[in-house]
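Dear colleague,

Please find the structure below, handed over for your own work. My notes on what was found in it follow directly after.

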Amino acid sequence: MTRGKQKIDAQKRNAEKNQKAKGSQLEARAVALKVTCPICKAQLANEKQLGDHYGSKHPKETPPAVSS
């Protein structure tokens, strides 16, 4: 019977470990995304991503000046 109890305990531990995190990541996402594309309103993390975004999504437009 020892093996049966160990198996049940292991299943409980695995279930707890594999549980999804509670709560939403919207707040963390909002903090990380600080730059917004003025054309399509896409939110990006930094100016470098904005430059890459302009190159792929708005190739005929000139990217805004980097504010440093």
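Val35 is in contact (heavy atoms within 4.5 Å) with Ala42, Gln43, Leu44, Ala45, Asn46, Glu47 and Leu50, leaving aside neighbours within four places in sequence. This is a predicted model, in which local features need pLDDT of at least 70 and side-chain atom pairs count only at pLDDT 80 or more, while totals for chains, interfaces and linings use all residues. Residues are numbered from 1 along each chain as its sequence is written, and side-chain values use heavy atoms, with hydrogens and water left out.

Val35 also belongs to the largest nonpolar core, which has 5 residues in all: Val35, Cys37, Leu44, Leu50 and Tyr54. Such a core is a set of buried Ala, Val, Leu, Ile, Met, Phe, Trp, Tyr and Cys residues joined through side-chain atoms within 4.5 Å. Buried means under 20% relative accessible area, exposed means over 50%, and partly exposed lies in between (1.4 Å probe, protein chains only). In soluble globular proteins, nonpolar side chains tend to be buried together.

Leu50 is buried, at a relative accessible area of 8%. Apart from neighbours within four places in sequence, Leu50 is in contact with Val35, Cys37, Leu44 and Pro64. Leu50 and Thr36 are 14 residues apart in sequence, and their C-alpha atoms are 7.9 Å apart in space.

UniProt, in an unreviewed entry, lists residues 37–58 as "domain: C2H2-type". Its positions are given in the numbering used here, feature names are shortened, and annotations may be inferred rather than shown by experiment. The span is 50% helix and 9% strand, and the C-alpha atoms at its ends lie 10 Å apart.

How many disulfides are there, taking a pair of cysteine sulfur atoms within 2.5 Å as the rule? The count comes to 0. Cys37 is in no disulfide, and the nearest cysteine sulfur, that of Cys40, is 3.6 Å away. Cys40 is likewise in no disulfide. Cys37 is buried, with a relative accessible area of 0%, whereas Cys40 is partly exposed at 38%.

His58 lies in the segment after α3 and is buried, with a relative accessible area of 12%. Its side chain is joined to that of His53 by a polar contact of 3.2 Å. A polar contact is a pair of N or O atoms within 3.5 Å; within protein, one must be able to donate a hydrogen and the other to accept it, and residues adjacent in sequence count only if both atoms are side-chain atoms. Not counting residues up to four places away in sequence, His58 touches Cys37, Ile39, Cys40 and His53.

Finally, the structure holds 2 salt bridges, each defined by a side-chain nitrogen of Lys or Arg within 4 Å of a carboxyl oxygen of Asp or Glu. Asp9 and Lys5 form one of them, at 3.1 Å from N to O. These residues lie in helix α1 (residues 2–17), 4 residues apart, about one turn of the helix. Asp9 is partly exposed at 26%, and Lys5 is exposed at 52%. Asp52 and Lys48 also meet in a salt bridge, at 3.4 Å from N to O. Both lie in helix α3 (residues 47–57), 4 residues apart. Asp52 is partly exposed at 47%, and Lys48 is exposed at 61%.

With kind regards

Terms used: Helices (H or I, at least four residues) and strands (E, at least two) are DSSP runs, numbered from the N terminus. A disulfide is a pair of cysteine sulfur atoms within 2.5 Å.
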